[in-house]
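Trainee: I am new to this structure. Could we go through it by question and answer?

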Amino acid sequence: MSNKQHFLLSAKARTLSVRQVFELTEQQAFETFKEVRWGKGDNVACPLCGVLNKHYFIRVRRQWRCKDCNHTFSVTSGTVFAFHKLPLRIYLAAIAIYTNAVKGISALQLGRDLGVQYKTAFVLAHKIRESLMEQRDMAQLSGEVHIDGAYVNGHIRPKNKKADRIDRRLAIHQKPTKRCVLVFRQRALPAALQSQNNSNDATIGATKTITFVVKSENQADVIKLADRVVVQGSTICADESPAYDPLHAKYDTKRVNHQTEYSTDDGVSNNMAESYFARFRRMQYGQTHKFGIEYLANYANEAAYREDTRRWPNGKIFTDILTKCVQTKTHHDWCGYWQGNKRQAERLAA
Ligand SMILES: [Zn+2]
């Protein structure tokens, strides 16, 4: 079909709006959380002892008391949103706004949309990112896998006067926070091999993306991470960087030299890795601007999640993110963040 409408313009792509979420009553928001966490019905699982039962429901407080261990818990107890202070509807609205922000969203913008302080929005958005990170699918990639790396936090602004400028290529002048994001992307199966029932899912480009943060694009880290996430016997496509040279010994490895071409005459490219970085850079330049290295792995994974769900209806993404949030345990780094209880170390993959 020549004038086929783009999926994102179709009604099927719009199954949820922020307006719908803001119109929910607190009771409806509570029921949404409860159903996503424990399913339909009256059985709920105590977060302390784990027993699934029809525990005593204290209606006025919307809390349960466990019949087995007497623990009192709410619909968010034990999840990433534990000890919540805002109405439940606001958490759902935050997820809806986050879902629709396909290039990411800054804490300032989220705070303005929700009518909450910057600090509140910052922690809220990071709780969502943390959930996406903890629940990410680390099953190995296979078939054709595209690899690439890109640097962040490396820019050194040249001094105004030429006489004051330094050689920005030298290792001694590099910033201590400079990091490399490595991406591994698996190509979708050819259309003929895809099952009929997931026609909304991506049929072209990449289907699964895994990211890592390393200090530099180097041979040791690349081979170690490839061993972790790529099935033996897969085909790997990479650019001319020497960091990818050792892959030839273990995988069917194809190279494209970006100095001369983006795609070789026999069709080799690492364009799916490049398209990941297109979204990642737009998130960086348009929304986050700077990445704290403690959270860089989460930002990189956020861009990967958004790439992999790019052809899903937004209602499906919303439910998926909410599911991941209620499956993620209460996170030490995100309880009392502004009281000083924050992550000290970054998450380097290798
Ligand atoms: Zn219990």
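**The zinc site and beyond**

Trainee: What arrangement do the four donor atoms around the zinc ion have?

Mentor: The four donor atoms around the zinc ion subtend angles of 105 to 117°. Donors are N, O and S atoms within 2.8 Å of the metal (3.2 Å for Na, K and Ca), and four of them count as tetrahedral if all angles lie between 85 and 135 degrees. The arrangement is therefore tetrahedral.

Trainee: What kind of model is this, and which residues coordinate the zinc ion?

Mentor: This is a predicted model, in which local features need pLDDT of at least 70 and side-chain atom pairs count only at pLDDT 80 or more, while totals for chains, interfaces and linings use all residues. Residues are numbered from 1 along each chain as its sequence is written, and side-chain values use heavy atoms, with hydrogens and water left out. At 2.2 to 2.3 Å, the zinc ion is coordinated through SG atoms by Cys46, Cys49, Cys66 and Cys69.

Trainee: How many residues apart in sequence are the parts that Cys49 and Cys66 tie together?

Mentor: Cys49 lies in the loop between β1 (44–45) and β2 (52–53), and Cys66 in the loop between β4 (63–65) and β5 (72–74). Strands here are DSSP runs (E, at least two residues) and helices are runs of H or I (at least four), numbered from the N terminus. The pair therefore ties together parts whose separation in sequence is 17 residues.

Trainee: Is Cys66 buried or exposed?

Mentor: Buried means under 20% relative accessible area, exposed over 50%, and partly exposed in between (1.4 Å probe, protein chains only). Cys49, at 35%, is partly exposed. Cys66 has 1% relative accessibility, so Cys66 counts as buried.

Trainee: Which strands stand at the edges of the open sheet of five strands?

Mentor: The order is β8-β7-β6-β9-β10, with mixed pairing; two strands pair if DSSP finds at least two bridges between them. Each edge strand has a single partner strand, so one side of each is left without a neighbour in the sheet. The edge strands are β8 (206–214) and β10 (252–255).

Trainee: How are α5 and α10 oriented to each other?

Mentor: The axes of α5 (residues 118–134) and α10 (residues 314–327) come within 8 Å and cross at roughly 85°. Axes are lines fitted to C-alpha atoms, for helices over the stretch in contact (heavy atoms within 4.5 Å), with angles from 0 to 180 degrees between N-to-C directions. Angles of 65 to 115 degrees count as roughly perpendicular. So α5 and α10 are roughly perpendicular.

Definitions and conventions: Four donors count as tetrahedral if all angles lie between 85 and 135 degrees; four count as square planar and six as octahedral if opposite donors are over 155 degrees apart and all others between 65 and 115; anything else is irregular. Angles under 35 degrees count as roughly parallel, over 145 as roughly antiparallel, 65 to 115 as roughly perpendicular and the rest as oblique.
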